[in-house]
Amino acid sequence: MSETKKVDPSRRKEWLTCALMLNLGLMITAAGVHFFKTPNNFAMGGTSGISIILSSFFPKLNVGGAMFIVNGILVVLGLVFLGWKAMGVTMYSSFAISAYISLWEFIWPMKQAFTDDTLLELLFAVILPAIGSAMAFNVGASTGGTDILAMILSKYISIEIGKALMVSDFLIALVAGGLFGVKTGMYCVLGLVMKAFLVDSVIESINMRKVVTVISNHPDEIKKFIMEELHRSATVHRAEGAYTGRQEIVLTTVLTRRQAVALRNYIRRVDPGTFLTIVNSSEIVGKGFRAM
């Protein structure tokens with residue numbers, strides 16, 4: 001009798017964490033679309049922008065339903081030009097975000113905007129989807145939609161995808177300006193610019209780690225603290241001081257913000273004369289951090 005293949009518990013936990021992060025990100029993005037983009041007609045590109053425009057032409061069609069249609073067309077195109085394997089999680093994300101928007105529409109229908117402050121509404125219309133998209137990107141997924149179009153273009157046409165999508169989003173914003181007024185169109189363009197900077201900033205903030213380098217007279221005690229108290233490892237280098245010519249032990253480790261503060265406080269007590277550098281990094285790949 002063949003043995004049942006066992007799944008590594010750590011892999012299962014990692015998969016569940018990624019699934020949770022992805023769905024939470026999609027739900028936050030959907031909330032931004034439903035509560036802030038739709039009531040203010042902020043058609044800032046992407047499938048949500050197209051859906052807002054479509055719902056204005058067809059009043060009986062809500063934004064969630066319009067997104068199902070638009071994403072469905074894009075998924076079919078993706079399957080035709082990219083295949084099942086390349087689509088992966090993107091296909092799930094495309095339909096899931098439409099479902100979450102429909103769910104928000106059912107739970108909390110929005111007849112009008114929360115406030116009369118358009119700029120405040122715009123900030124939330126940009127921030128919530130930016131956070132949601134960053135959470136999805138952080139686990140190697142996306143929010144679907146026009147990302148499928150980007151994948152197709154990158155495969156068949158030598159074009160800078162970022163610029164192509166920026167142009168398409170700008171055109172959608174112009175259409176919104178024609179439909180809903182110049183003021184709304186200008187807010188849409190402003191939202192596009194804000195979104196371009198904010199998503200990268202949120203992703204970097206989520207992934208931010210501290211690369212710590214320590215040169216101390218008590219390297220063994222500090223190494224023990226890193227391993228036993230912070231539950232991290234470190235790389236040990238043997239180096240020579242350029243000025244003193246003395247042999248030194250250099251410890252390099254990667255920590256979270258909280259762990260870096262704890263290590264710095266410990267070093268202050270153990271060896272105040274320690275040479276310590278702490279550098280921010282958002283691209284840490286390897287065991288204990290992001291996978292390749």
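In this predicted model, Asn41 occupies the loop between α1 and α2, where its phi is near 60°, a positive value in a residue other than glycine. With a relative accessible area of 26%, Asn41 is partly exposed.

**Other loop residues**

- His231, which sits in the loop between α10 and β2 (235-240), likewise has a positive phi in a residue other than glycine, here near 55°.
- His231 counts as exposed, because its relative accessibility of 65% lies above the 50% cut-off.
- Met208 belongs to the loop between α9 and β1, and it is classed as buried because its relative accessible area of 16% falls under the 20% limit.
- Although Met208 and Ser281 are 73 residues apart along the chain, their C-alpha atoms are separated by 5.6 Å.

**The largest nonpolar core**

- The largest nonpolar core has 17 residues, and those touching the most other members are Phe35, Phe42, Ala43, Met44, Leu122, Ala125 and Cys188.
- At least two residues of this core come from each of the helices α1 (9-40), α6 (118-138), α8 (161-180) and α9 (182-207).
- In soluble globular proteins, nonpolar side chains tend to be buried together.
- Once neighbours within four places in sequence are set aside, Phe42 is in contact with Phe36, Lys37, Ile52, Thr118, Glu121, Leu122, Ala125, Tyr187 and Cys188.

**Two polar side chains within helices**

- Ser51, a residue of helix α2 (residues 46-57), is buried, with a relative accessible area of 0%.
- A polar atom of the Ser51 side chain lies 2.7 Å from the backbone oxygen of Thr47, while the contacts of Ser51 beyond its neighbours within four places in sequence are with Val63, Ala66, Met67 and Val70.
- Asn23 is part of helix α1, and its side chain makes a polar contact with the side chain of Tyr92 at 2.4 Å.
- Not counting residues up to four places away in sequence, Asn23 touches Tyr92 and Tyr100.

- Helix α11 (residues 257-270) comprises 14 residues and reaches 20 Å from its first C-alpha to its last, which is close to the 20 Å expected at 1.5 Å a residue.
- Which residues of α11 are buried? They are Gln259, Ala260, Leu263, Tyr266 and Ile267.

**The chain as a whole**

- The secondary structure of the protein amounts to eleven helices and four strands, and 41% of its 292 residues count as buried.
- When contacts between residues at least 6 apart in sequence are considered, 73% of them join residues at least 24 apart.
- The protein exposes about 17200 Å², and carbon and sulfur atoms supply 64% of that area.

Notes: Residues numbered from 1 in each chain as written. Predicted model: local features only at pLDDT ≥ 70, side-chain atom pairs only at ≥ 80, totals over all residues. Heavy atoms only, no water. Core = buried A, V, L, I, M, F, W, Y, C linked by side-chain atoms within 4.5 Å. Buried < 20%, exposed > 50% of the residue type's maximum accessible area, 1.4 Å probe, protein only. Contact = heavy atoms within 4.5 Å. Expected span 1.5 Å × (residues − 1). Polar contact = N/O pair within 3.5 Å; in protein donor to acceptor, adjacent residues only side chain to side chain. Areas by Shrake-Rupley, 256 points an atom, 1.4 Å probe, with all protein chains shown as cover.
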